[in-house]
Amino acid sequence: MDGQLRVELADLRGYADQVGRAGEACASLADYVATFVPDGDFGRILSLITPDYEHLVLRVGETLEADSARLAGTRSGLRHVA
């Protein structure tokens, strides 16, 4: 092996599209979390976990948005290489 990566252009374009769809799915899931995941108001019995839950929901949304942006960048880079 000479240390070089060889790939069919069609495969590279297909992989770029797959990565792009994964990024779109992350963005959709982030929107879903922001819209449909309830706030942490579970009533008195679960009031001890409310702050942790709300922080978790916020972090999940941020992570999904960041992953979406990174995957979109990867898709763009793969298409540029192809």
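1. Glu-24 and Arg-75 form a salt bridge, with their closest N and O atoms 3.1 Å apart. Glu-24 belongs to helix 1 and Arg-75 to helix 2, so this pair ties together parts that are 51 residues apart in sequence. Glu-24 counts as partly exposed, at 45% relative accessibility, whereas Arg-75 is listed among the buried residues of helix 2. Please keep in mind as you read on that this is a predicted model.

2. Now for helix 2 itself. Helix 2 runs over residues 50–81 and has 32 residues. From its first C-alpha to its last, helix 2 reaches 47 Å, close to the 46 Å expected at 1.5 Å a residue.

3. Which residues of helix 2 are buried? They are Thr-50, Val-57, Gly-61, Leu-64, Ser-68, Arg-75 and Leu-78. What covers these buried residues includes helix 1, residues 9–36.

4. Next comes the largest nonpolar core, made up of five residues: Cys-26, Ala-30, Val-33, Val-57 and Leu-64. Helix 1 and helix 2 each supply at least two residues of this core, and helix 1 gives the most, with three. As general background, nonpolar side chains in soluble globular proteins tend to be buried together.

5. Which residues does Leu-64 touch, leaving aside its neighbours within four places in sequence? Leu-64 is in contact with Cys-26, Leu-29, Ala-30 and Val-33.

6. Besides the Glu-24 and Arg-75 pair, they include one between Glu-62 and Arg-59, whose closest N and O atoms are 3.5 Å apart. Both Glu-62 and Arg-59 lie in helix 2, three residues apart, about one turn of the helix. Glu-62 is partly exposed at 38% relative accessibility, and Arg-59 is partly exposed at 44%.

7. Another salt bridge joins the side chains of Arg-70 and Asp-67, at 3.5 Å from N to O. Arg-70 and Asp-67 also sit in helix 2, three residues apart, or about one turn of the helix. Here Arg-70 counts as exposed, at 57% relative accessibility, while Asp-67 is partly exposed, with a relative accessible area of 28%.

8. Apart from its neighbours within four places in sequence, Thr-50 is in contact with Gly-40, Asp-41 and Phe-42. The C-alpha atoms of Thr-50 and Asp-39 are separated by 8.3 Å, and these two residues are 11 residues apart along the chain.

9. Finally, the aromatic rings. The structure holds one aromatic pair. The rings of Tyr-32 and Phe-36 have their centres 5.1 Å apart and their planes at 40°, so the pair is tilted. Tyr-32 and Phe-36 are both in helix 1, four residues apart, about one turn of the helix. Are they buried or exposed? Tyr-32 is partly exposed, with a relative accessible area of 46%, and Phe-36 counts as exposed, at 56% relative accessibility.

Note on methods: Residues numbered from 1 in each chain as written. Predicted model: local features only at pLDDT ≥ 70, side-chain atom pairs only at ≥ 80, totals over all residues. Heavy atoms only, no water. Expected span 1.5 Å × (residues − 1). Buried < 20%, exposed > 50% of the residue type's maximum accessible area, 1.4 Å probe, protein only. Contact = heavy atoms within 4.5 Å. Core = buried A, V, L, I, M, F, W, Y, C linked by side-chain atoms within 4.5 Å. Salt bridge = Lys/Arg side-chain N within 4 Å of Asp/Glu carboxyl O. Phe/Tyr/Trp six-rings, centres within 6.5 Å; stacked < 30°, edge-to-face > 60°.
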